[in-house]
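Below is a brief report on a ligand site and a helix pair. Please read it alongside the structure.

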Amino acid sequence: MHVIATAGHVDHGKSTLVEALTGTDPDRFAEEKARGLTIDLGFGSTTLPSGAVLSLVDVPGHVRFIKNMLAGVGAVDACLFVVAATEGWKPQSEEHLRILELLGVEHGVVALTKSAVTDPDFVELARLEVEERVAGTFLEGAPVVATDAPTKLGLDELRRALDDLLTTVPAAEDRGRPRLWVDRAFAARGAGTVITGMLTDGVLRVGDEVEVQPAGVGARIRALQNHHEEREELPPGTRCALNLVGVAHTQVQRGDVVVGPGQWHLATVVDASLRVLDQLDHSVSRRGAHVAYLGAGEHPVRMRILGPEVLGPGREGSVRLFLPRSLPLLPGDRFVLRESGRSETVGGGCILDVDPRERASRARPDRSVDRVVRERGWVGSDELERLTGERREPNVGQWVVDPEALQTTLAGLREALDESGPLGVELSSLDDYQRAAAVLLDEATVDGGRLRVADAADPLVDHPFVATLEATPFAPPTPDGVDRVELRELVRRGRVVEEDGIFFAASAVEAAGRLAGRLLADDPDGFTVSAFREAAGNTRKHAMPLLARLDNTGVTRRRGDVRIAGPRLPEAD
Ligand SMILES: Nc1nc2c(ncn2[C@@H]2O[C@H](COP(=O)(O)OP(=O)(O)OP(=O)(O)O)[C@@H](O)[C@H]2O)c(=O)[nH]1
Ligand SMILES: [Mg+2]
């Protein structure tokens, strides 16, 4: 399935040709029929001789409706270019061709319409003129088919040419991130909100949750259609009608975008390339009422030229665009720039950066993914995909990390290790990036929530404070002068026990347990605090925390004034 758009000057026979090919009159409105003029987009589809299904978007040729034309061609990648043999090349033939070029359209077929109502010599003249005009554009060398809708002249040949064309147009890519440019939104009786548009970048299915931007409203797909046929799912590169639940038709309009939830970066400031048309008779500067056409939408923008102050005709440069509302955009998206004051097409280009980090005075945008990573240092791989459309495997934790930023983080870690001494640093004191990078330090090891130098002598092995505590196990001294970090680590490793602010050697607590065992062997009905004090040879100050510890660890249990055996009471020795 492919979607292509018509293009060409007013009255040259685009709609008539679409009807002849598809059987559908693309002029939907009474006013269009009354005036014999296309005002807004029309649609039709046909099955070509090969069996390929072709969707056609019919655009208006009148210069007054150029914004509708732009909405129709914003997301297609091929065209049916129409020139009436009776009139030859005209101003909107030229403007439409420029617009298609700026949008990066690369494939097309030319129909020389009304060929049966003019002298064959004129038809040949028109053909020569067209070939001359399209020289150097994507239409150079494209088939030029003389047609006449009322007499069906050339229609079979045109169908074959369209078939050939489709074999050269690459199939739309499925990137797993659907994006639909809305060209119509309305309420259908009994169904609620219906929107139509061109689907790109991913598949949509009935039941899918989607997001309507820039309104930021979530919705669910109740039904899907392609040219009035119900479908369960539709691939990228197709025209879609979506029946949405959860969003009012008044919340959606042409130019809006339906995307997979959370899959797209919403851009309000973008850097882009801008090519100024050769034919423009003045330079382009930041001044002027600029309007950017993106997808099916029209957006008044503020523009700043990056680097020089102005861009002359035929020049290419970079610009920063400030959009009035945020849109799900991606580097590579094409746009056309018009100046609404003079009502002229100025040029167009390609989005390069959807979230520029550099100040405008320093920005040198390009489409390099490495630049995006470099400017951020650390970027989540999902975030990077939203920013660039490219998926990269994370190289540290969940991040894609610029080599230089990684070196900076590692240097910071080494410095912290140096300062911390042999016990290392607590992981909880590091930031997310440092924690993720810690495992990359060959010389360090992570253990017990701390990062320390792997072969550093462990200062806790023969710590003097433990020996001091062990010297008077049941009446230990206070930890005056002991390094707080070392003390905490001794406790964490279980070599020292803290109870109610008193520190005991672990062996002292064990000995106290055995002492309790002996007292209970003498009198299984229990022992008092004073009996314990006497046996331990200490005072209440040390006896109470020791007994509390024994109670807490199940060695003893308190009953009234006495301690009795707990489940973990050791055997008396
Ligand atoms: N004899 C003859 N008349 C044609 C042919 N194609 C179009 N016409 C007539 O030309 C007039 C304009 O045709 P349209 O199809 O409306 O032209 P259009 O390009 O769609 O015009 P806009 O959408 O307004 O730009 C109509 O009166 C058509 O009947 C053709 O191949 N042969
Ligand atoms: Mg028309």
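Ligand 1 is surrounded by 18 residues, each with a heavy atom within 4 Å of it. The closest are Lys14, Thr16, Thr38, Gly61 and Asp148. By class, this shell has six nonpolar, eight polar and four charged residues. Ala, Val, Leu, Ile, Met, Phe, Trp, Tyr, Cys and Pro count as nonpolar, Asp, Glu, Lys and Arg as charged, and the others, Gly among them, as polar.

This is a predicted model: local features need pLDDT of at least 70, side-chain atom pairs need pLDDT 80 or more, and totals for chains, interfaces and linings use all residues. Residues are numbered from 1 along each chain as its sequence is written, chains are lettered from A and ligands numbered from 1 in the order written, and side-chain values use heavy atoms, without hydrogens and water.

| Residue | Protein atom | Distance |
|---|---|---|
| His12 | backbone N or O | 3.2 Å |
| Ser15 | backbone N or O | 2.8 Å |
| Lys114 | polar side-chain atom | 3.0 Å |

Taken alone, ligand 1 exposes 640 Å² (Shrake-Rupley method, 1.4 Å probe). The protein buries 79% of that.

Now the helix pair. Helices α13 (residues 506-522) and α15 (residues 540-552) have axes that come within 10 Å and cross at roughly 80°. That makes α13 roughly perpendicular to α15 (65 to 115 degrees). Val509, Ala512, Gly513 and Ala516 of α13 meet Leu546, Arg549 and Leu550 of α15, with contact meaning heavy atoms within 4.5 Å. By class, this contact has five nonpolar, one polar and one charged residues.

Note on methods
Axes are lines fitted to C-alpha atoms, for helices over the stretch in contact, and angles run from 0 to 180 degrees between N-to-C directions. Helices (H or I, at least four residues) and strands (E, at least two) are DSSP runs, numbered from the N terminus. Angles under 35 degrees count as roughly parallel, over 145 as roughly antiparallel, 65 to 115 as roughly perpendicular and the rest as oblique. A polar contact is a pair of N or O atoms within 3.5 Å; within protein, one must be able to donate a hydrogen and the other to accept it, and residues adjacent in sequence count only if both atoms are side-chain atoms.
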